[in-house]
Every structure is written in structure tokens, then in C-alpha cells.
Amino acid sequence: MPLPNAEKKSPRVYKILKIKTLSSEAPNSLTQATIASVGNPLSIEQLNEDELRRLVLVNLARLTVSGEWNGLLTAGGGGGMADVLPTITTTNADQYEVSSSPPWNGAVISNNSVSGIKKPHAFPFIAPATGDLTAIGVQVTSAEAGDSIYVAIYSQDANQHPSTLLGYATISLAVTGEIYQTSLSATITLTAGSQYWYSVSTDQSSSAQIRTLHLNDTPTLGITTALTTKAYSIEDTTRTNYAVPPSTFTPATINSDEPRYVIGLKF
């Protein structure tokens with residue numbers, strides 16, 4: 001049914017967005033960034049009134065399906081943390097340490113053996129920038145020849161749980177230092193202000209150690225099995241040990257043993 005008192009033909013909004021879907025899990029899902037790019041050239045004048053109404057209608061449908069109601073109350077449709085997190089831009093910084101970025105941040109650094117991450121353990125983070133990742137890195141403090149760690153990036157579902165694999169890096173633990181992998185399994189595109197999850201797991205039994213937040217300084221998820229139990233990550237216990245990151249993460253068990261692993265992302 002067309003908009004009341006509007007021209008039936010949509011010269012821009014419907015023409016561009018007709019290939020998009022409202023499902024946040026689909027590859028061609030409609031995002032706030034797309035809404036902004038479609039609306040950016042439209043000036044606020046009577047000539048564009050019909051197209052502006054269509055844009056508002058489509059965005060309302062997107063927010064309704066995703067449950068992103070904050071988008072109706074904040075400028076940018078859910079930008080939220082994107083307006084708070086500093087960007088590297090004109091600074092001498094060259095990456096984002098998302099493991100220590102608000103609101104899932106800590107400041108006390110420690111080391112941890114990777115022996116406990118036989119299966120994927122996922123930690124939430126807010127994307128600090130929009131774009132494609134060019135590298136994912138960790139800091140190896142105790143090396144183990146022949147061993148590697150998988151660092152995967154997942155989008156989340158309507159329950160704010162890790163869900164769909166966007167891509168992963170296989171990072172060697174053979175030498176110490178900050179080790180970055182620029183060859184990723186797929187193009188990983190993030191949107192600033194949106195929440196994602198990174199998971200860590202090893203490709204075989206390993207005694208290597210990498211930088212983590214101290215367990216006592218690791219933010220909890222706020223979900224638990226008892227008030228005395230603190231959960232720091234979600235583990236996919238349905239997977240076999242040392243397997244490559246699954247295409248769909250099964251949020252099976254909350255974990256209280258593994259601290260937040262320090263991860264660097266480059267765009």
C-alpha cells in the first residue's frame with residue numbers, strides 16, 4: 001500500500017533498498033549505515049517529503065525487527081558508543097585494543113596460558129570504527145613452536161549472544177611479541193557502535209601464554225548460575241577440541257575461568 005498522498009514511484013529510497021532484508025542475520029541485511037548513506041543527499045524540503053517519509057518508514061521497520069529501540073531516542077539510530085569511543089584518526093595510534101574498550105574494559109594486564117581454550121570462548125566488544133579489518137593481533141608472552149590461536153569475530157543475535165561468524169585469523173604462537181595476522185578467512189566488516197563478539201581457541205594442545213586482563217579486573221557478563229559465580233565469557237561446548245571457529249556459535253555455557261584475552265584490531 002503506497003504512502004497517502006504520495007507519488008507511487010520512489011526515485012531513491014525504495015529503488016536502492018529493495019535488495020535489502022530486515023533480518024540482522026542475513027548477508028544483505030539493512031544497517032543504520034545504509035540508511036544514513038541513502039538519506040544523506042536528501043535535503044529537507046517539500047520536494048523530498050515523500051522520500052523522507054519512506055526513509056523513516058523503512059528505518060522504523062528495521063528498528064522494530066532488530067529490537068533496537070534506542071535508535072528512536074538517540075541521533076544516528078543506535079550509534080550510542082560510537083559517539084563516545086575515541087578513534088585513532090589524527091593520533092599516532094594504529095589499532096584498537098577492543099578487549100580494553102568501554103564498556104567491557106579492564107586495565108590490569110596479566111598473562112594466561114592458552115591451555116584452557118580448547119573450545120571457542122567468546123567475549124563481547126563494541127566496534128570503535130566502521131570498515132573492514134586489515135589485521136587481528138595478540139601479544140604472545142611465552143611461545144610454543146607449531147601452535148596457533150584462532151581469533152574469530154561474530155555478529156550477535158537478538159539475545160545479544162555471539163551468533164554468525166564474520167571471519168577469523170589464525171595467529172602463530174611460535175615467537176613472542178605482538179603478532180598480527182593480515183590474512184583473514186573472510187572480509188570482516190564492522191559498524192561503529194554495534195556490539196560484536198570475539199572468540200579465542202587453539203588449534204592443538206598448547207602451553208603458550210598471551211596477554212590477558214587480570215581475572216579480578218575482567219568485566220563480567222552480568223549473567224550467572226549463582227550470585228557467587230562470575231561469568232566472563234560464553235563457551236561453545238558443543239564443538240570438538242581444537243576445531244576451526246564454527247560458522248554459527250552455539251552459546252552453550254557461561255565460563256568463569258578464562259580471563260578476557262587482549263586483542264588488537266586494525267582497519
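Reader: In this structure, what does F267 count as, given its 31% relative accessibility?
Author: The model is predicted, and its computed values should be read with that in mind. Buried residues have under 20% relative accessible area and exposed ones over 50%. Because 31% falls between these cut-offs, F267 counts as partly exposed.

Reader: How many aromatic pairs does a search of the whole structure find, and at what angle do the planes of Y96 and F267 stand?
Author: The search of the whole structure finds 7 aromatic pairs. In the pair of Y96 and F267, the ring centres are 5.8 Å apart, and the pair is edge-to-face because the angle between the ring planes is 85°.

Reader: How many residues apart in sequence are the parts that the pair of Y96 and F267 ties together?
Author: Y96 belongs to the loop between α3 (49-66) and β1 (109-113), whereas F267 is found in the segment after β13 (264-266). Y96 is buried, its relative accessible area being 9%.

Reader: Which term describes the arrangement of the rings of F123 and Y198?
Author: A pair of aromatic rings is described by the distance of the centres and the angle of the planes. For F123 and Y198 the centres are 5.5 Å apart and the planes stand at 25°, so the pair is stacked.

Reader: Which strands hold F123 and Y198, and are these two residues buried or exposed?
Author: F123 lies in strand β2 (residues 121-126) and Y198 in strand β9 (residues 195-202), so this pair joins parts that are 75 residues apart in sequence. The relative accessibility of F123 is 0%, and Y198 also has a relative accessible area of 0%.

Reader: Which residue forms a salt bridge with K266?
Author: Side chains of opposite charge can pair when their charged atoms come close. K266 also lies over the face of Y180, at 4.1 Å from the ring centre. In the salt bridge of K266, the closest N and O atoms are 3.7 Å apart, and the partner is D94.

Reader: How many residues apart in sequence are the parts tied together by K266 and D94?
Author: D94 is partly exposed, with 45% relative accessibility. K266 is in strand β13 and D94 in the loop between α3 and β1, so the distance in sequence between the parts that the pair ties together, in residues, is 172.

Reader: How many salt bridges does a search of the whole structure find?
Author: Besides K266 and D94, the side chains of R239 and D236 meet in a salt bridge, at 3.0 Å from N to O. Of these, R239 is partly exposed at 28%, while D236 is buried at 0%. The number of salt bridges found in the whole structure is 2.

Reader: Which strands stand at the edges of the open sheet of 6 strands?
Author: The pairing in this sheet is antiparallel, and the strands follow the order β6-β5-β9-β2-β11-β12. Neighbouring strands of the sheet are turned against each other by 30° on average, direction ignored. Each edge strand has a single partner strand, so one side of each is left without a neighbour in the sheet, and these strands are β6 (162-172) and β12 (253-255).

Reader: Which residue in β6 stands opposite Y150?
Author: Strand β5 (residues 148-156) pairs with β6 in the antiparallel sense over 8 bridges. Opposite Y150, the residue in β6 is T170.

Terms used. Residues numbered from 1 in each chain as written. Predicted model: local features only at pLDDT ≥ 70, side-chain atom pairs only at ≥ 80, totals over all residues. Heavy atoms only, no water. Phe/Tyr/Trp six-rings, centres within 6.5 Å; stacked < 30°, edge-to-face > 60°. Helix = DSSP H or I, 4+ residues; strand = E, 2+ residues; numbered from the N terminus. Buried < 20%, exposed > 50% of the residue type's maximum accessible area, 1.4 Å probe, protein only. Lys NZ or Arg CZ within 6 Å of the ring centre and 35° of its normal. Salt bridge = Lys/Arg side-chain N within 4 Å of Asp/Glu carboxyl O. Pairing = 2+ DSSP bridges. Axes fitted to C-alpha atoms, helices over the stretch in contact; angles between N-to-C directions.
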